[in-house]
Every structure is written in structure tokens, then in C-alpha cells.
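Good morning, colleagues. I would ask you to look at the structure on the screen while I take you through a few of its elements.

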Amino acid sequence: MKLAEALRDPVVLDLRGVVDKAAFMDRCAGALALPRWFGRNWDALADCLTDLPRPVALVVTGWQAYATARPSDWETAQDVFATAADTSTTGLTVLLALGTPQGNALGGSDDEGPASLG
């Protein structure tokens, strides 16, 4: 996968305020526009991430509170991201953002809906 290509239109997974697995899965479903059948569990997330329709640079922001509140789940999430990045047929890169993005730094907006992956 060409990272530069995927970074032209990154998908931002903003985890600010997320402190449990259910909210984490809801944010993933929204940010990645996952299908209705997405089962909101680790296996279903792995399946969806490895079957994305185009190369994706997934930028995870605001993850620190979730990592602190649910360290075991955060470790699992990182494993799912890493495995999906290694096995994705279209190309997946997962980037963990440090600090707090200022304004529209990643091209996203609170007013926009989920990114279109199609």
C-alpha cells in the first residue's frame, strides 16, 4: 500500500470520551462506515478491517483514556489493528496520534459524517 495515497484521505477514529468496548465498537462502526451486520466484537472488527474496499490510513486519536480505562481491551484492539494491517488485501495502515489535534488538522470535522470507503 502506498501510505502517501491513503494519507490523502485518512479515516479518523476519534476515541475521545470512549471508556468501554461498546463505545469503542460504535466509534469504529461510525468512522469506518462498517456494514449493518458488523457484530461489534473483536472478530467482526478484524474481518471488516481486512476486507476494506480501498487502501485506508486509519488515524486513531484520543485513545489514551480508553487505554487507561480498559488496558486489556486496548491491547486487544492494538492486536486486531496490527493483524489487520498485516493481512489486509487492499492495504491498511493504522497510526496512533499523540497529543490532541488542533482544529481541522487531519482534514476531519465534527460536522462531517463517516468517511466513504467505496
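Let me begin with a question: which residue in strand 3 is the bridge partner of Val59? The answer is Leu95. Please bear in mind throughout that this is a predicted model.

That bridge belongs to a longer pairing. Strand 2, residues 56–61, runs parallel to strand 3, and five bridges join the two. Strand 2 also pairs with strand 1, residues 11–14, again in the parallel sense, here over four bridges. On that side, Thr61 of strand 2 has Asp14 standing opposite.

How many of the six residues of strand 2 are buried? The count is six of six, and the strand is accordingly described as mostly covered. Val56, Leu58 and Val60 point one way from the strand, while Ala57, Val59 and Thr61 point the other way; all of them are buried.

I turn now to helix 3, which spans residues 42–50. Its buried residues are Trp42, Ala44, Leu45, Cys48 and Leu49. Viewed down the helix axis, these buried residues fall within an arc of 160°, so they line one face of helix 3.

What covers them? The elements over the buried residues of helix 3 include helix 2 (21–31), helix 4 (64–69), helix 5 (71–87) and strand 3 (92–96).

Finally, consider the start of helix 3. There, Asn41 places a side-chain oxygen within 3.1 Å of the backbone nitrogen of Asp43.

Terms used. Residues numbered from 1 in each chain as written. Predicted model: local features only at pLDDT ≥ 70, side-chain atom pairs only at ≥ 80, totals over all residues. Heavy atoms only, no water. Buried < 20%, exposed > 50% of the residue type's maximum accessible area, 1.4 Å probe, protein only. Arc of directions from axis to C-beta. Contact = heavy atoms within 4.5 Å. Polar contact = N/O pair within 3.5 Å; in protein donor to acceptor, adjacent residues only side chain to side chain. Pairing = 2+ DSSP bridges.
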